[in-house]
Amino acid sequence: MSKTSGEGRFELASGPASLQEAVDRWGPDLNLWPDLMLVRRAREALLADRNFRGHRDRAVAEAARLSRAATSLDKRIADSGSVERITRKLLDATGSKVIHWRRRIAALAAVMMLSAALGSAFAEMVPAQIEAPRVDVVQLDTLVFGPSEADF
């Protein structure tokens, strides 16, 4: 899409050139449009311009019709079970297996619980070691004991 500048040159325009093109690009719902100034112009044009209003109304009707058609197609696909058949055939052809993440997470949780139980049972069976040797550290601070008391 291009528009002419004042000097006769053509420069690329990032947005639609008219409100009808904006409806075609971003849909009839003005709340989904990214350009707020264009939305404002479109709302004014809805009240003032019958051609734009008719174009937007046709776009709303087409969007509703497409939504109904998509819903009925999705229902027919789900009822026929074709997705499951295709998935099963592809998995058989490639030799892959379906990954059941819930089962894997449940198995991981079971392994962690078993290791915790075994660890605590082992800690109870092994006799406690004799008291760990005690280490006392004495540190003399030169600010408390001045240089005269330390024979400096």
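**Notes on Ile99, helix α5 and the chain around them**

1. Start at Ile99, which sits in the loop joining α4 (82-94) to α5. Helices here are DSSP runs of H or I with at least four residues, strands are runs of E with at least two, and both are numbered from the N terminus. A word on what you're looking at: this is a predicted model, where local features need pLDDT of at least 70 and side-chain atom pairs pLDDT 80 or more, while totals for chains, interfaces and linings use all residues. Residues are numbered from 1 along each chain as its sequence is written, and side-chain values use heavy atoms, with hydrogens and water left out.

2. Ile99 counts as partly exposed because its relative accessibility is 43%. The cut-offs are under 20% relative accessible area for buried and over 50% for exposed, with partly exposed in between (1.4 Å probe, protein chains only).

3. Now for α5, residues 101-125. Its 25 residues should span 36 Å at 1.5 Å a residue, and the end C-alpha atoms are 36 Å apart, so the two agree. The expected span is 1.5 Å times one less than the number of residues. This helix is hardly covered: its count of buried residues is zero.

4. Zooming out, the protein chain has five helices and two strands, in the order β-β-α-α-α-α-α along the sequence. Of its 152 residues, 13% count as buried.

5. As for contacts (heavy atoms within 4.5 Å), take those in the protein chain with a separation of 6 or more: residues 24 or more positions apart account for 26% of them.
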